[in-house]
Amino acid sequence: MGDSLSRLAAVAANTFRETVRERVLYNLVFFAIIMTLAGLLLGPLSIRQDEKVLKDIGLAAMDLFGTLIAIFIGVGLVSKEIERRSLYPLLVKPLSRGEFFLGKFTGLAFTLLVNVAVMTVGLYATLLATGRSADPLLLAAVYPILLGLLLVVALAMLFSTLTSSTLAAVFTVGVVIAGRFSDVVRNMQEVMPGTPRWLSGILYAVIPNFRNFDFKDRVTYGDPVPPEVLAWVTVYAAAYIAVVLGLGLASFRSRDFQ
Amino acid sequence: MTRSLAVLLLLLVPVVPWSQRRIDEHAGAYRAQEEVLYLWSGEQVRRLFPGFEALAADVYWLRTVQYFGGERLFSGNRRFELLRPLIEITTALDPRLEIAYRYGAVFLCEPPPSGAGRPREGIEVLEEGTRNVPGSWRLRQDLGFFRFLYLHDARGAAAELEKAATLPGAAFWLRTLAADLLAKGGDLEASRRMWQQMYDQAEEGILRTHAEEQLSILDSREAAERLTVLVADVEQRRGRRPEQLEELRRLGVWLGSLEDRAGVPFSYDVSTGKVSVARDSPMWRPQ
């Protein structure tokens with residue numbers, strides 16, 4: 001068990017280094033530039049709505065950049081190793097496919113955690129630099145964003161075990177967009193009157209509901225986010241990620257690399 | 001060959017801005033219509049940004065402010081046609097963005113050249129705001145103010161102020177103002193109190209400047225009304241109206257300025273004895 005964990009950690013650490021080497025964290029520089037410019041310019045341009053706009057931009061950037069990283073790095077984590085054939089020598093070593101797969105997930109999850117953490121610090125720094133308070137409630141939106149990103153990584157990895165990295169990216173983007181429209185899916189009868197209720201019910205249950213991870217508006221307006229809601233969101237994310245990673249692992253294990 | 005190609009490319013460089021200018025000239029009359037093409041209903045725009053509605057609202061809010069500022073500074077007709085649709089999209093994306101309702105209402109209600117001169121639409125924007133943010137006493141207060149200031153509906157205004165007074169955090173004076181409106185039917189003093197409140201509540205910026213302008217307009221109107229009273233007094237005492245307003249000064253009955261707050265001399269009609277703000281003054285407003 002201990003050996004298995006240390007091998008998983010080695011893969012995770014290697015994945016983290018690899019993603020950093022791929023200049024993923026360059027988006028942080030871009031984020032810093034956006035926040036600085038927003039901090040300087042938004043006051044007069046927005047008629048004193050700069051605090052709200054700064055929070056909106058900061059949280060939306062975490063969500064958007066994180067999702068892009070999760071999709072485009074996530075689909076390459078496994079498929080690139082297969083396409084480059086660098087996976088074969090790894091699997092010859094005493095490293096199970098499960099350790100490899102989960103290690104890759106953990107590595108990218110850590111990259112996203114660092115990314116979100118640095119962005120959060122950047123957002124707080126901008127708020128303080130513009131004379132606003134460091135509102136701790138923002139963390140109630142940041143945490144669900146991170147959970148949503150982990151789910152995106154899991155989906156991207158699942159699809160990458162089933163098809164090419166390009167198609168995997170297309171499928172992941174599709175599912176993420178559908179998940180952000182989950183309210184439309186639930187009320188599909190109103191948009192497409194002929195749709196059977198059971199179909200919209202199944203789709204609503206199956207498609208990951210990315211709306212669950214969106215508390216940006218609430219915290220921007222200072223509305224409290226009850227801890228039990230965050231707990232349920234955590235349970236939802238953990239369960240969904242576990243199922244998706246399980247499916248991905250099953251698919252990865254069943255692949256024949258001969 | 002390479003040299004001639006480079007020369008040809010260099011010669012083509014100024015063609016780009018030149019042709020762009022010609023296209024812009026041609027499009028001039030259609031520009032507003034083209035802009036409208038980019039505007040859909042708020043709900044449609046909302047569907048384009050799942051999870052990022054607040055950010056999209058900020059973008060539309062900034063665009064609204066820029067549009068209004070641009071029209072005010074550079075447009076010839078200043079009809080602010082896109083102000084209402086832009087406000088509607090912004091508030092559909094973020095129904096709790098109070099400033100958008102307040103800003104939209106002020107500049108939709110305000111007569112040209114400062115605003116669009118469509119007070120009914122401004123009131124509708126505020127009504128929408130009170131529906132979307134029912135707990136905001138300020139929006140309800142503004143609805144009352146604007147009903148009085150732009151529709152001259154003292155009874156409706158008083159009813160809105162009464163409702164505002166019942167909301168959490170509401171200012172204590174809302175009830176007395178409502179009672180005054182019902183008792184007196186509204187006067188310059190009520191208008192002054194309203195604009196003074198809007199001035200005090202607004203942060204530094206265009207809304208505050210606007211409230212300040214309105215207070216100056218009221219100052220000018222009040223000064224003109226006082227001068228009219230003095231002219232009547234002089235007529236009663238001396239049996240004839242003063243030929244010019246300067247006479248009031250010479251007689252020592254008026255020691256203040258004979259210009260309004262914008263520095264434009266008051267207009268004086270000898271035949272009626274009425275003193276008013278000159279029509280060419282920025283302080284002039286239809287009454």
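Author: Let's start with a term we'll need: two residues are in contact if their C-beta atoms, placed from the backbone, lie within 7 Å. Keep in mind too that this is a predicted model.

Reader: Thanks! Which residues does Ser79(A) touch, not counting residues up to four places away in sequence?

Author: With those sequence neighbours left out, Ser79(A) touches Ser160(A), Ser164(A), Ser165(A) and Ala168(A). Ser79(A) itself belongs to helix H3 of chain A.

Reader: Is Ser79(A) buried or exposed?

Author: The idea is to count neighbours: a residue is buried if 20 or more other C-beta atoms lie within 10 Å of its own. Ser79(A) has 24 C-beta neighbours inside 10 Å, so Ser79(A) counts as buried.

Reader: Now to helices. How do H1(A) and H5(A) pack, and at what angle?

Author: In general, two packed helices are described by the angle between their axes and the distance between the axes. Here, helix H1 (residues 2–21) and helix H5 (residues 97–129) of chain A pack at about 45°, and their axes are 7 Å apart. That angle makes H1(A) oblique to H5(A). The crossing of H1(A) past H5(A) is right-handed. Among the residues making the contact are Leu8(A), Val11(A) and Phe16(A) of H1(A), and Phe100(A), Leu108(A) and Phe110(A) of H5(A). By class, the contact of H1(A) with H5(A) has 10 nonpolar, eight polar and three charged residues.

Reader: And what about H6(B) and H7(B)?

Author: In chain B, helix H6 (residues 83–93) and helix H7 (residues 98–109) pack at about 170°, with axes 10 Å apart. Angles over 145 degrees count as roughly antiparallel, so H6(B) and H7(B) are roughly antiparallel to each other. Their contact includes Leu83(B) and Ile87(B) in H6(B), and Tyr101(B) and Phe107(B) in H7(B). Six nonpolar, three polar and one charged residues make up this contact of H6(B) with H7(B).

Reader: How many residues of chain A are in contact with chain B?

Author: On chain A, 18 residues are in contact with 16 residues of chain B. Helix H3 (50–83) and helix H11 (216–220) of chain A each supply at least two residues of that side, and H3(A) gives the most, with five residues. The side of chain A that touches chain B has eight nonpolar, three polar and seven charged residues.

Reader: Lastly, which domains does chain B have?

Author: The domain assignment of chain B gives domain 1 (33–214) and domain 2 (223–276). Taken over C-alpha atoms, the centres of these two domains of chain B are 37 Å apart.

Key: Residues are numbered from 1 along each chain as its sequence is written. Chains are lettered from A and ligands numbered from 1 in the order in which they are written. This is a predicted model: local features need pLDDT of at least 70, side-chain atom pairs count only at pLDDT 80 or more; totals for chains, interfaces and linings use all residues. Axes are lines fitted to C-alpha atoms, for helices over the stretch in contact, and angles run from 0 to 180 degrees between N-to-C directions. Helices (H or I, at least four residues) and strands (E, at least two) are DSSP runs, numbered from the N terminus. Angles under 35 degrees count as roughly parallel, over 145 as roughly antiparallel, 65 to 115 as roughly perpendicular and the rest as oblique. Ala, Val, Leu, Ile, Met, Phe, Trp, Tyr, Cys and Pro count as nonpolar, Asp, Glu, Lys and Arg as charged, and the others, Gly among them, as polar. Domain bounds come from an automatic or database domain assignment. A residue is buried if 20 or more other C-beta atoms lie within 10 Å of its own, exposed if 12 or fewer, and partly exposed in between; C-beta atoms are placed from the backbone. A crossing is left-handed if the near helix is turned anticlockwise from the far one by less than a right angle, and right-handed if clockwise.
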